[in-house]
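The following note goes through the model point by point. Please keep the sequence and the structure in view while reading.

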Amino acid sequence: MKLLIVDDELKIRTIIRKYAEFDGFEVEEACDGMQAVSLCKLNVYDLVIVDVMMPELDGFSAVREIRKFSNVPVLMLSARGEEYDRIHGFELGIDDYVVKPFSPKELMMRVQAILSRVNRKNENDSANLFVLDGLKIDFSARIVSIDGERIDLSPKEYELLFYLVKNKNLALSREKLICDVWGYDFYGDDRTLDTHIKLLRKSLGVYAKQIVTLRGVGYRFEA
């Protein structure tokens, strides 16, 4: 895990670095907002700790610039605890706000809490999103797009595609697909499944090849 500490006070940077490295973080430092923005353009950080009052470019302005190209988590430090400053920081997209003087141990606990939240969100986002080259499937929003262009599917086609993708690379029998997608009380025949597979392949265009027919068995979505 890599942190960027941004503060014009060497003493503050030194003490945060000491505690961060003790917790196993790799640390880089910046002494003003301009340097912070430049470093964030050149490197990938897991979190940025930034002071508000700095020369060259203050913390608020630095975060505003960083947010133009990065969603890196930000913890803001300030000697001022006014509500306006807190609200302004959160409006810019910071994750937490700590007032000086602070406990370095508490600061690192807040850092860990932010990173835990970010990791959980990323896990949820990845579970709700499937991307294969130009094919993008957002399960939560029920949106399927190819090369940025949304494609429209029937409700059952969505269900069938989602089921295939969520069970990607697995051989799925015709019986299992019909039972799990149509339900145990489905009284149709295999042709219903085949028809929907045909329509789905047509909608997927160049990605139709991902749905592989397993003769005598069923289908598999290859990813």
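1. Asp 7 is buried in this predicted model. Its relative accessible area is 0%, and a residue counts as buried when that value is under 20%. Asp 7 is placed in the loop between strand S1 (2-6) and H1. Setting aside residues up to four places away in sequence, Asp 7 touches Ile 12, Arg 13, Ala 30, Cys 31, Asp 51, Met 54, Leu 77 and Lys 100.

2. Helix H1 comprises the 13 residues 10-22. At 1.5 Å a residue, helix H1 should span 18 Å, and this agrees with its end C-alpha atoms, which are 18 Å apart. Which residues of H1 are buried? They are Ile 12, Arg 13, Ile 16 and Ala 20. Because these residues cover an arc of only 95 degrees around the axis, they lie on the same side of H1. The face turned away from that buried side carries the exposed residues Leu 10, Lys 11, Lys 18 and Phe 22. Two of the buried residues of H1, Ile 12 and Arg 13, are also among the residues that Asp 7 touches. After H1 comes Gly 24, with a positive phi near 95 degrees.

3. The next point concerns the packing of helices. Two packed helices are described by the angle between their axes and the distance between the axes. For helix H2 (residues 33-42) and helix H3 (residues 59-66), the axes come within 9 Å and cross at roughly 20 degrees. Angles under 35 degrees count as roughly parallel, and H2 and H3 are therefore roughly parallel to each other. Their crossing is right-handed. On the H2 side the contact is made by Gly 33, Val 37 and Cys 40, and on the H3 side by Ala 62, Glu 65 and Ile 66.

4. H6 contributes Lys 156, Glu 159, Leu 160, Tyr 163 and Leu 164 to the contact, while H7 contributes Lys 176, Leu 177, Asp 180, Val 181 and Trp 182.

5. Helix H7 also has a buried side. Its buried residues are Arg 174, Leu 177, Ile 178, Val 181 and Trp 182. They cover an arc of only 95 degrees around the axis, and so they are on the same side of H7. Among these buried residues, Leu 177, Val 181 and Trp 182 also take part in the contact with H6. Just after H7, Gly 183 has a positive phi of about 105 degrees.

6. Two further buried residues deserve attention. His 88, in helix H4 (residues 83-91), has a relative accessible area of 17% and is therefore buried. Apart from neighbours within four places in sequence, His 88 is in contact with Phe 60 and Arg 64. Leu 204, found in helix H8 (residues 190-204), is buried with a relative accessible area of 0%. With neighbours within four places in sequence left aside, Leu 204 is in contact with Leu 135, Ile 146, Ile 151, Leu 161 and Ile 211. The C-alpha atoms of Leu 204 and Glu 175 are separated by 23 Å, and the two residues are 29 residues apart along the chain.

7. The last point concerns the backbone in several loops. Which form does the peptide bond from Lys 100 to Pro 101 take, cis or trans? The bond is cis, with omega near -5 degrees. Pro 101 belongs to the loop between strand S5 (96-99) and helix H5 (104-127). Arg 142 is not a glycine, yet its phi is positive, at about 55 degrees. This residue is in the loop between strand S7 (135-138) and strand S8 (143-146), and its relative accessibility of 35% makes Arg 142 partly exposed. Asp 147, also not a glycine, has a positive phi of about 55 degrees. Asp 147 sits in the loop between S8 and strand S9 (149-151). With a relative accessible area of 63%, Asp 147 is exposed.

Definitions and conventions
Residues numbered from 1 in each chain as written. Predicted model: local features only at pLDDT ≥ 70, side-chain atom pairs only at ≥ 80, totals over all residues. Heavy atoms only, no water. Helix = DSSP H or I, 4+ residues; strand = E, 2+ residues; numbered from the N terminus. Expected span 1.5 Å × (residues − 1). Buried < 20%, exposed > 50% of the residue type's maximum accessible area, 1.4 Å probe, protein only. Arc of directions from axis to C-beta. Contact = heavy atoms within 4.5 Å. Axes fitted to C-alpha atoms, helices over the stretch in contact; angles between N-to-C directions. Parallel < 35°, antiparallel > 145°, perpendicular 65-115°, else oblique. Left-handed = near helix turned anticlockwise from the far one by under 90°.
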